[in-house]
Amino acid sequence: QVQLVESGGGLVQTGGSLRLSCAASGRTFSTYVMGWFRQAPGKEREFVATIASGGSTNYVDSVKGRFTISRDNAANTVYLQMNSLKPEDTAVYYCNAAPWVGASQRGYWGQGTQVTVSS
């Protein structure tokens, strides 16, 4: 069982930055593929970024060059640094811990943190 708690969301102006954090419980954090997903009002949840246990990363095209995912296995924490934010980045951001790449639906989810980017 893994529990995930996100933090760091808030209100920011266009072009601003935020850093999301996701603290995980459990002793096997380093074995999970950690990811960030987001859900905007009226839209389905979408993939944002993942980082595998070995550190390889993957991003949705719309955030490449602006967002950076990282992990600290000693602290059981994954981060999402978001720069050059745009209004279309407004969403609830969810942390995910998956057993392997592509298996987010088999994994664990946090409760979400709201990110709002004003124009």
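## Tyr-93 and its contacts

Setting aside residues up to four places away in sequence, Tyr-93 touches Glu-6, Leu-20, Trp-36, Phe-37, Arg-38, Val-48, Phe-67, Leu-80, Met-82, Gly-112, Thr-113 and Val-115. The model in which these contacts are found is a predicted one.

Tyr-93 also belongs to the largest nonpolar core, which has 29 residues. Together with Met-34, Trp-36, Val-78, Leu-80 and Met-82, Tyr-93 is listed among the residues with the most contacts inside this core. Two or more core residues come from each of the strands β3 (18–24), β4 (33–39), β5 (46–51), β7 (67–72), β8 (77–82), β9 (91–98) and β11 (113–118). In soluble globular proteins, nonpolar side chains tend to be buried together.

Which strand holds Leu-80? Leu-80 is placed in strand β8. Its relative accessibility is 0%, so Leu-80 counts as buried.

Beyond its neighbours within four places in sequence, Leu-80 is in contact with Leu-18, Arg-19, Leu-20, Trp-36, Val-48, Ala-49, Phe-67, Thr-68, Ile-69 and Tyr-93. One of these partners, Arg-19, is 61 residues away from Leu-80 in sequence, yet their C-alpha atoms are 5.6 Å apart in space.

## The whole chain

The protein has 11 strands and 0 helices. Read from the N terminus, its elements therefore run β-β-β-β-β-β-β-β-β-β-β. The radius of gyration is 13 Å, close to the 14 Å that the globule rule gives for 119 residues, so the protein is as compact as a globular protein of that length. Along the principal axes, its C-alpha atoms fill a box of roughly 40 × 25 × 25 Å.

Of the 119 residues, 45% count as buried. Among contacts with a separation of 6 or more, 54% are between residues 24 or more positions apart.

The accessible surface comes to about 6,200 Å², and carbon and sulfur atoms account for 47% of it.

Thr-77 lies in strand β8, which covers residues 77–82. Is Thr-77 buried or exposed? Its relative accessibility is 10%, and the cut-off for buried is under 20%, so Thr-77 counts as buried.

Leaving out neighbours within four places in sequence, the contacts of Thr-77 are Ser-21, Cys-22, Ala-23, Phe-29, Ser-70, Arg-71 and Asp-72. Pro-87 is 10 residues from Thr-77 in sequence, but the two C-alpha atoms are 27 Å apart.

## The loops on either side of β8

Two residues in these loops have a positive phi. Most residues other than glycine have a negative phi. Asn-76 has a phi near 55°, and its place is the loop between β7 and β8. With a relative accessibility of 18%, Asn-76 counts as buried. Ser-84, in the loop between β8 and β9, has a positive phi of about 50° and is not a glycine either. Its relative accessible area is 41%, so Ser-84 is partly exposed.

Asn-73 is also found in the loop between β7 and β8. At a relative accessible area of 31%, Asn-73 is partly exposed. Apart from neighbours within four places in sequence, Asn-73 is in contact with Phe-29, Ser-30 and Ser-53. The C-alpha atoms of Asn-73 and Ser-53 are 8.7 Å apart, and the two residues are 20 positions apart along the chain.

## The N-terminal end

Where is Gln-1? Gln-1 is in the segment before β1 (4–7). Its relative accessibility is 75%, so Gln-1 counts as exposed. Between the C-alpha atoms of Gln-1 and Arg-27 the distance is 9.7 Å, with 26 residues separating them in sequence.

Definitions and conventions:
Residues are numbered from 1 along each chain as its sequence is written. This is a predicted model: local features need pLDDT of at least 70, side-chain atom pairs count only at pLDDT 80 or more; totals for chains, interfaces and linings use all residues. Side-chain values use heavy atoms; hydrogens and water are left out. Helices (H or I, at least four residues) and strands (E, at least two) are DSSP runs, numbered from the N terminus. The radius of gyration is taken over C-alpha atoms; the globule rule is 2.2 Å times the number of residues to the power 0.38. Buried means under 20% relative accessible area, exposed over 50%, partly exposed in between (1.4 Å probe, protein chains only). Contact means heavy atoms within 4.5 Å. Accessible areas come from the Shrake-Rupley method with a 1.4 Å probe; for residues, only the protein chains shown count as cover. A nonpolar core is a set of buried Ala, Val, Leu, Ile, Met, Phe, Trp, Tyr and Cys residues joined through side-chain atoms within 4.5 Å.
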